[in-house]
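Colleague: Hi, could you walk me through this model? I'd like to go from the overall picture down to single residues.

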Amino acid sequence: MSSAPSPSSTQPQLRPYQREAIEAVLAARREGVRRMLVCLPTGAGKTVIFSHLAGLARRPVLVLAHREELLHQARQKLEHALGAAGAGVVAIEQGAHRAPDHAKVLVCSIRSLHEERLARVISRRDFGLVIYDECHHAAAEDNLRVLRQLGAMDPAWTGTLLGFTATTARGDGKGLDGVFERIVYTRTLPAMIDDGFLVPLRGVRISTAADLTRLSPGGADFREDELGEAVDIEERNAIVARSIQELTRDRRTIVFCVNVNHARNLCRSLNALGVPAGIVYGAMPPDARARALTEFREGRTHVLTNVAVLTEGFDDPGVSCIAMARPTRSEGLYAQCIGRGTRLHPGKKDCLILDFVDLSELDICTLPSLFGVPRHIDLEGLDVREAVRLWQQCLFDHPGFELEASAVTLPEIERRAATFDPLTLEPSAEVRAVSANAWFSLGRHGLALHFQKRRGQTGELLILQRGARGKKWEVSLDGEPKARFSTFEEAVQAADYEVERLGPMTAASALEDASWRRTPVAAGEGSTSTQPLGEALRLAVWHRIVGRPAPHR
């Protein structure tokens, strides 16, 4: 590949970040990187980027995709990007389609490239650029087989493997580092929205009575069979359908479902309410699926229920509402789903995300959680960026402020933050059950206790969380780590024992009613402060642990 030429008048104009991505790819190749990845949100125009790169390639280009819709979409955009030179040089290799020998760019279904067919394709061309769209699938064994047969995994290969994806996360937990050497360019969803390249996202949280507490907790996401049984129930489908009817109005809506039965039942529930709805799923006959998509694009149906079909590669900028009727723990899957509504379109101001939340003790992705704020926040139709701004401001103004695991609105967060006082945090009932001492809470960080070693000399015990598993609770005395324990109850009992070993006077000083706690700060030194010493010590350790300096008194 060479440097990017100026696009002709027939080629699509590149956005600034698209030019940056192209230059990043070229720079990485000059450095010797052969297998690289570009990570951009859905709607960022990945096809436009790789179409321009295909136009720079001197050797034949192979584009790998997973869905039939992606093949034709990629061919059209490649032909458009290549301008007058694109006619006749871009061809599809899939099913009954055989690319002619003169085609420079082949768009192939990776699933159709069985060993014999791929060998025939390779024998006629020396590919210099292999573009893998939706490349988070690359780690699957059969997809790796295709890459190995192409030679892309061979250290002596002289070509370039370039992957594009909106998410590097996979449902099976496998990483992509075994396939790609480097992520050469990435841009986040919030940044794309802030820069005006994608529409703002507004969220509504709808609670249902479906019970997910008995689903298997293992794995990166729920088991489809268990999830389908839990959520595909008449009462929940009625709530979902009624919510879509009332909240989406004239918004063209995509509903993500668990399985085919779930999609069918939701479609029936919508139609029963008078909402024109259709359905698409993978096993549908191609002509029936194409007809359903056409009816949706032309507005004859307003809602489309689907199972996995529209998660990737579906390009319909007019979609302005996504209904997540399928609970997921996978941030990558959630981002792909809502990405179907983020593209710009004339007259489209934003995209509404409907999060249907069920009873669960597991972390389920919602629009707020995708943007790094607590998943329980009910945006009530507000822009998620407002929730981000408010949450970050709360954490800055009130370090240590935390939310309980329950639905809460932005105004309620503001109210709670305004009344937040770290000194009022009490230890849990479990701590009070095993200790009579004056332990106080440091929020999620742990516990602290002050006592008097001798008159005028204060000691400090801290129990802090130092990991997520095993012996994660560390006990330290006056800043020196002493031991670790699996539970904080064990840590409290061990720390109390150490205090008792120092004698009855010291043990008495660790109680809440010890008189030294009420002594004014720096008494006897001409100080006019009336702040009790116990309170001052609590405040100092609180600000030290959460990383903010204590305010001057």
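Modeller: Here is a short tour, from the whole chain to its sheets and then to some side chains.

Colleague: What should I know about how it was made and handled?

Modeller: This is a predicted model, where local features need pLDDT of at least 70, side-chain atom pairs count only at pLDDT 80 or more, and totals for chains, interfaces and linings use all residues. Residues are numbered from 1 along each chain as its sequence is written, and side-chain values use heavy atoms, with hydrogens and water left out.

Colleague: Great. How many helices and strands does the protein chain have?

Modeller: There are 18 helices and 20 strands in the protein chain. Helices (H or I, at least four residues) and strands (E, at least two) are DSSP runs, numbered from the N terminus.

Colleague: And what share of the residues is buried?

Modeller: Of the 553 residues in the protein chain, 52% are buried. Buried means under 20% relative accessible area, exposed over 50%, and partly exposed in between, with a 1.4 Å probe and protein chains only.

Colleague: What about contacts along the chain?

Modeller: If you take contacts between residues at least 6 apart in sequence, 67% join residues at least 24 apart. Contact means heavy atoms within 4.5 Å.

Colleague: On to the sheets. What is the strand order in the open sheet of 7 strands?

Modeller: The order is E3-E4-E2-E5-E6-E1-E7, with parallel pairing. Two strands pair if DSSP finds at least two bridges between them. Strand E3 (90-93) and strand E7 (182-186) are the edge strands, each pairing on one side only. On average, neighbouring strands of this sheet are turned by 20° against each other, direction ignored.

Colleague: How many bridges do E1 and E7 share?

Modeller: Strand E1 (residues 35-39) and E7 pair in the parallel sense over 4 bridges. Val38 has Tyr185 in E7 as its bridge partner.

Colleague: Which strands does helix H2 lie across?

Modeller: Helix H2 (residues 46-56) lies across strand E2 (61-65), strand E5 (129-133) and strand E6 (160-165), and runs at about 165° to E6. Axes are lines fitted to C-alpha atoms, for helices over the stretch in contact, and angles run from 0 to 180 degrees between N-to-C directions.

Colleague: Is the pairing in the open sheet of 5 strands parallel or antiparallel?

Modeller: The pairing there is antiparallel, in the order E16-E17-E18-E19-E20. Strand E18 (residues 457-465) and E19 pair over 5 bridges, and Leu462 stands opposite Ser476 in E19.

Colleague: Switching to side chains, how many aromatic pairs are there?

Modeller: The structure holds 3 aromatic pairs. In one of them the ring centres of Trp473 and Phe488 are 5.7 Å apart and the planes are at 80°, so the pair is edge-to-face. Rings of Phe, Tyr and Trp (its six-membered ring) pair if their centres lie within 6.5 Å; planes under 30 degrees apart count as stacked, over 60 as edge-to-face and the rest as tilted.

Colleague: Where do Trp473 and Phe488 sit?

Modeller: Trp473 is in strand E19 (residues 473-477) and Phe488 in helix H16 (residues 488-501), 15 residues apart. Trp473 counts as buried because its relative accessibility is 10%.

Colleague: Last one: where is Ser360, and what does Ser360 touch?

Modeller: Ser360 lies in the loop between strand E13 (351-359) and helix H12 (367-370). Not counting residues up to four places away in sequence, Ser360 touches Leu212, Thr213 and Arg375. Ser360 is buried, with a relative accessible area of 18%.
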